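Please keep the sequence and the structure in view while reading.

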Amino acid sequence: MSRTVGIDLGTTFSLIAWVNPETGKPEVIPGPYGTALCPSIVSLDEDGRIVAGEAARRRLLTQPDRTIYSVKRLMGRGVEDVQDELKIFPFRIDPESRNVIRVRLGDRFFTPPEISAYILREVKGWAEEFFREPVTRAVITVPAYFNDAQRQATKDAGRLAGLEVLRLVNEPTAAALAYGLDREQRGRVAVYDFGGGTFDVSILKLIAAGEGDIYQVLSTCGDTHLGGDDIDNRLLEIAREEIRRDLGLDLESYPETVQDLRKALIAAKHELSHSLESNVRFLLPEGMAYVRRFTRDEFDSLISPIVERTLGPVRQALSDAKLKPAEIDEIVMVGGSTRIPLVRSRVEQVFGRPPHVELDPDEVVALGAAVQAAILTTGVQDTLLLDVTPLSLGMETMGGVVAKLIPRNSTIPASAEELFTTGVDNQTAIELHILQGERELARDCRSLARSRLPVQPAPAGLARVEVRFTIDANGILQVRARDLRTGQEQSIEVQPSYGLNDQEIERMLIESIDFAEQDFAERQLIEARNEAESILHATEKSLSDEQSAEIDPAERQRIEGAVAALREAMAGTDYKLVRTRIDELNEATTHLAELLMNHAIAAALEGKRVAEI
């Protein structure tokens, strides 16, 4: 028997969930580390093996050139679309990339759907270990503002991971499904989804229909370049500038240190969600330290412009739904960034009432995806999901004008048709140029596909061509054009401009077999080796510090012995022995770590200029 699951394929973390038939409630599935959050990170080992999730996250510090995160920002986008991301994230794009973005990891290149497939395989493996059964079908969530190309890229990633993607569901809509299970209240709901890399807001109408519910999306709006990553980048920007200004150290030459500093600042951000201050003490190269106290008020001031950017789409979504804030009955908070007190307070100020935060904001989207998966596979029809298309779809007509057949926020599945004719005498074909966007001219919209329909030569205006647009439940578009005079027909399966053809997908599926067959023991060994590499790197770096000369020879000998023992264990295949040697090295270096930190802080306090508020 094959299980069906719901997957939240997130920018920062991904989760997988199912509906427990005994309780009828959705539940997230934890991984081998005891948490349901799988880091959306992929890394290429030096021997060519791929690791994803927590094992890959640990390599951000030790092997940043072989590791990638936040790849969701690249899904379904062209090289010209990602220039802003290239300024902030360490994406190494193949210079020969054209329509298909190819990211370099080590000496190999991967497309974003291919990288996302490794993340999907990781959580799929969690579920198969949990159920002791195959998992082959899934509902996967996407940001509400994902366009056709980004949605198709997500479906391709699912195929590469060995999953039949039953449905793509907008993340805010999935959240409404999760909350609707335990709530009797009906009315209009605003879903505010502030995740790691994207921001979405949707206005939904929950209607009691007999014994079931109807979830109708009235409007949706968002920003695919706005998320918690922007807050992290803002803190990192400030820290790097203060280190450069006050300590005279430019971290440009220390990519590993930058990633480690980013991690420390994210921890401070998390602490400020429940505390009024957070102290950062971070060891830098050359024996220096960055010591910084962040207060809640200062943190709010620093991130306020980012939070305010989320309110523009909120107002736009309300306007599209023809509603005022006071007419919203409930506000649902989704995404880890909604734990920030400033975010919650600003949302409360806009709507005039506190938002609902009963469910874990990190888990709620995956829970909703599991609910939709259960609906699709069990045949239960007590919930109807009426989603909308986020952007208008149309065709280019004479003069480069766009004729919109399906306006944005149209309920899907949807279809529309319109008659077109020729504009020139004896025209022999009609150009079908399919577009997506809200602008009036074709040059300002996104081109999705082109095709030609032959027509019989005749005076201008005589031909009658019926064009029909059909959007399926996943938000994927198909176009059919028919000459009513001759009956000749042309069907277009819209291939997004980022382009993955069937041959490329087939090749990737074949290449994925080796990864799929890796047994659990090999995975444990890889994870243990990764952790060992990180600890060895930190230990050797500490031993080379001039302050380490203060430890006595016996202690240095113990540390060097533990290092040698760990290296020897890593050369073998016993992952339990590797973890034992890791624990022994950690114990041996405890005093050395305390010594280095004390020296760094003392030096900072005695005269080195350190930014502190």
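How many aromatic pairs does the count come to? In this predicted model, the count comes to seven aromatic pairs. The rings of Trp 18 and Phe 130 make an edge-to-face pair, because their planes stand at 65° and planes over 60 degrees apart count as edge-to-face, while their centres are 5.7 Å apart. Trp 18 belongs to strand E2, which covers residues 13–20, and Phe 130 belongs to helix H4, residues 112–131, so this pair ties together parts that are 112 residues apart in sequence. Trp 18 is buried, with a relative accessible area of 11%, whereas Phe 130, at 40% relative accessibility, counts as partly exposed. Phe 110 and Tyr 118 are both buried. Ring pairs also link Trp 18 and Phe 130 with Phe 131 into a cluster.

Rings take part in another kind of contact, in which the charged end of a side chain sits over the ring; the table gives two such cases, one with Lys 72 and one with Arg 292.

| Charged residue | Ring | Distance of the charged end from the ring centre |
|---|---|---|
| Lys 72 | Phe 146 | 6.0 Å |
| Arg 292 | Phe 294 | 4.3 Å |

The next topic is a sheet. Three strands form an open sheet in the order E6-E5-E7, and their pairing is antiparallel. Strand E6 (50–52) and strand E7 (67–69) stand at the edges with a single partner strand each, so one side of each is left without a neighbour in the sheet. On average, and with direction ignored, neighbouring strands of this sheet are turned by 15° against each other. Strand E5, residues 41–44, is joined to E6 by three bridges, and the two run antiparallel. Within this pairing, the bridge partner that Val 42 has in E6 is Ala 52.

The last topic is a pair of helices. Two packed helices are described by the angle between their axes and the distance between the axes. For helix H9 (residues 296–320) and helix H10 (residues 341–351), the axes come within 9 Å and cross at roughly 40°. H9 and H10 are therefore oblique to each other, and their crossing is right-handed.

Conventions: Residues are numbered from 1 along each chain as its sequence is written. This is a predicted model: local features need pLDDT of at least 70, side-chain atom pairs count only at pLDDT 80 or more; totals for chains, interfaces and linings use all residues. Side-chain values use heavy atoms; hydrogens and water are left out. Rings of Phe, Tyr and Trp (its six-membered ring) pair if their centres lie within 6.5 Å; planes under 30 degrees apart count as stacked, over 60 as edge-to-face and the rest as tilted. Helices (H or I, at least four residues) and strands (E, at least two) are DSSP runs, numbered from the N terminus. Buried means under 20% relative accessible area, exposed over 50%, partly exposed in between (1.4 Å probe, protein chains only). A charge sits over a ring if NZ of Lys or CZ of Arg is within 6 Å of the ring centre and within 35 degrees of the ring normal. Two strands pair if DSSP finds at least two bridges between them. Axes are lines fitted to C-alpha atoms, for helices over the stretch in contact, and angles run from 0 to 180 degrees between N-to-C directions. Angles under 35 degrees count as roughly parallel, over 145 as roughly antiparallel, 65 to 115 as roughly perpendicular and the rest as oblique. A crossing is left-handed if the near helix is turned anticlockwise from the far one by less than a right angle, and right-handed if clockwise.
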